[in-house]
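I set down here what I looked up in this structure, entry by entry. The entries go from the overall content to single residues.

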Amino acid sequence: MNHLKKDSRYIVILSVLPFTFLLIFLTTVVSSHSPSSTLHKTQRFASSDNITELVVATLNQTISKVNLSSSNFSHLQNRLGSNISHRDRCAFQDCLELLDDTVYDLTTAISELRSLPPVLHNVNMLLSAVMTNTRTCLDGFYSSDDEDDENSNNDNKIYGVAESMKESLLNISRNVRESLAMLDENIPGNIPGKLEKDVKFPMWVSGSDRKLLQDPVNETKANIVVAQNGTGNFTTIGAAVSAAPNSSETRFVIYITCGVYFENIEIPREKTMIMFVGDGIGRTILKANRSSADGWTAFNSATVGVRGSGFIAKDISFVNDAGPTKHQAVALRSSSDLSAYYRCSFESYQDTIYVHSHKQFYRECDIYGTVDFIFGDASVVFQNCSLYARRPNPNQRITYTAQGREDSSQPTGISIVHSRILAAPDLIPVKAKFKAYLGRPWQLYSRTVIIKSFIDDIVDPAGWLKWKDGFALDTLYYGEYMNEGPGSNMTNRVKWPGFKRIETEVEATQFTVGPFIEGNKWLNSTGIPFTLDL
């Protein structure tokens, strides 16, 4: 997560942009603010009480704006050529990918709205992802003095981009925010069905995928084998991903044999239904070392980045080896819808797992980090996982989570259930020197819950940390329910309006696998064990 300070080294100096380049984006902004047209459409549809058609019309208009912005980004990048830094070149690349994903998500949302009956939860998730995409695009242009403390705040971030470019993206997000509000207020949501008891896998994990996850490696039939010694189909994971079919509707298994693979791996949106199977944590290791300190955006720093839907990983270590002084250094970034991770390890320091968007599930995984080491705006459940705080830099405060929900209508959040919140071995001897917190609010409606988990004494009695001053303290939702361990005592917890001592099982259950990520619909297909409720 980006929380860095101003640094002129990373700013796209506007003086190098000829005035004509800025006109490109002014055109986008002007076209995106068409109040008379929008008002006319609003009145026409509202008068006929057809909220769905109004939302569809708004989303179609938004697609046109996204396409125009994408074209303008591409044109500006080409015109600037070598006059931009490596970091800003990465930021342009991020934006083009994210805007492409945005068109796909908006188009899918329109299809969902036109289905009978529309699945509102799916639509809300898609629109939430669009909001996350536009913000992530802008995040890439944040600049900072990266020698300063990572626990800095939003006021110290500035955009190194033309104001018109920023405004065109924010306008796209506003359109989507308005659509979410209309759906939330006027169309009843889907009511979750009866929760099942003692089920090991959410329902969207198919029977065949469940078998793949439960079977030993020697009984798993792989489509491709990756082996560094040349005994498989490929020696690199990237080559294996490239060879996988596009838009697959059936599972495609890539078995990665024991070894340390020094690669940055990107699974693009068209590579769907891919499964990585390894030989176990600490045996099959995917490792790289990109970081913000070395000129990469958070989005682009990931050792493994996943955009294709339906991704599964089992028995693999994901590692970003940049080290504790390099600031943002992501081990896994996932915007893969219906993705699941089983018996995996994720290791870095700051920003270890970027749970970027869509629905995700982690079971029996180990996550290591220091600052905001689970962050993003997915709807995500961590079940039976272990979260290990590592030894941070001097004077750093440890924060396990930094959730990025921007709007109260978004169905997103981080849910940690039946898990353990601990100190890593390197921190245990010196843990008295550092303060650790369960999380802090990255965005205004940040939402994180800890349910029936063990919280060690590393966690400060206050439990949660401010971002800055009173930011989000009234609007966030931070909840705890029936936790145990020396750090679980809530007597001295923060007194913020948004902090909740969850009192009932009914309230806690809404953040479990069944209701929160609709696990009863898709986890069965992955083969990963899960429990739907408490």
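**Entry 1. Overall content.** I counted 11 helices and 28 strands in the protein; helices (H or I, at least four residues) and strands (E, at least two) are DSSP runs, numbered from the N terminus. I note that this is a predicted model, in which local features need pLDDT of at least 70, side-chain atom pairs count only at pLDDT 80 or more, and totals for chains, interfaces and linings use all residues. Residues are numbered from 1 along each chain as its sequence is written, and side-chain values use heavy atoms, with hydrogens and water left out.

I then looked up burial. Of the 534 residues in the protein, 61% are buried; buried means under 20% relative accessible area, exposed over 50%, and partly exposed in between (1.4 Å probe, protein chains only). I also looked up the contacts (heavy atoms within 4.5 Å). Among contacts with a separation of 6 or more, 74% are between residues 24 or more positions apart.

**Entry 2. Cysteines.** How many disulfides does the structure hold? I found one disulfide, the term being used for a pair of cysteine sulfur atoms within 2.5 Å. The disulfide joins C95 to C137, with an S to S distance of 1.9 Å. The link of C95 and C137 is right-handed, with 100° about the S-S bond. C95 lies in helix α4 (residues 86-113) and C137 in helix α5 (residues 120-139), so the bond ties together parts that are 42 residues apart in sequence. I recorded a relative accessibility of 0% for C95, which is therefore buried; C137 is buried as well, with a relative accessible area of 0%.

C90 counts as buried at 5% relative accessibility. C344 is buried, with a relative accessible area of 0%.

**Entry 3. Packing of α4 and α5.** α4 and α5 pack at an angle of about 165°, with their axes 8 Å apart. Axes here are lines fitted to C-alpha atoms, for helices over the stretch in contact, and angles run from 0 to 180 degrees between N-to-C directions. The two helices are therefore roughly antiparallel to each other; angles under 35 degrees count as roughly parallel, over 145 as roughly antiparallel, 65 to 115 as roughly perpendicular and the rest as oblique. The crossing of α4 past α5 is left-handed, meaning that the near helix is turned anticlockwise from the far one by less than a right angle (right-handed if clockwise).

The residues of α4 in this contact include R87, C95, L98 and D101, and those of α5 include N122, V123, L126 and C137. By class, I recorded 11 nonpolar, five polar and five charged residues in the contact of α4 with α5. Ala, Val, Leu, Ile, Met, Phe, Trp, Tyr, Cys and Pro count as nonpolar, Asp, Glu, Lys and Arg as charged, and the others, Gly among them, as polar.

**Entry 4. Packing of α3 and α4.** Helix α3 (residues 51-80) packs with α4 at an angle of about 160°, their axes being 9 Å apart. α3 and α4 are therefore roughly antiparallel to each other. α3 passes α4 in a left-handed crossing. The residues of this contact divide into 17 nonpolar, 11 polar and one charged.

**Entry 5. Positive phi.** I noted M273, which is not a glycine but has a positive phi of about 60°. M273 is placed in the loop between β6 (265-267) and β7 (274-277). A472, also not a glycine, has a positive phi of about 70°. A472 is in the loop between β26 (454-455) and β27 (477-481) and is buried, with a relative accessible area of 5%.

Entry 6. V225 is found in strand β3 (residues 224-226) and is partly exposed, with a relative accessible area of 24%. V225 and Y255 are 30 residues apart in sequence, and their C-alpha atoms are 4.8 Å apart in space. Not counting residues up to four places away in sequence, V225 touches G232, N233, F234, Y255 and T257.

E406 is found in the loop between β21 (398-403) and β22 (413-417) and counts as buried at 14% relative accessibility. E406 and R135 are 271 residues apart in sequence and 9.6 Å apart in space, C-alpha to C-alpha. Leaving aside neighbours within four places in sequence, I found E406 in contact with residues including M131, R135, R177, D377 and Y445.
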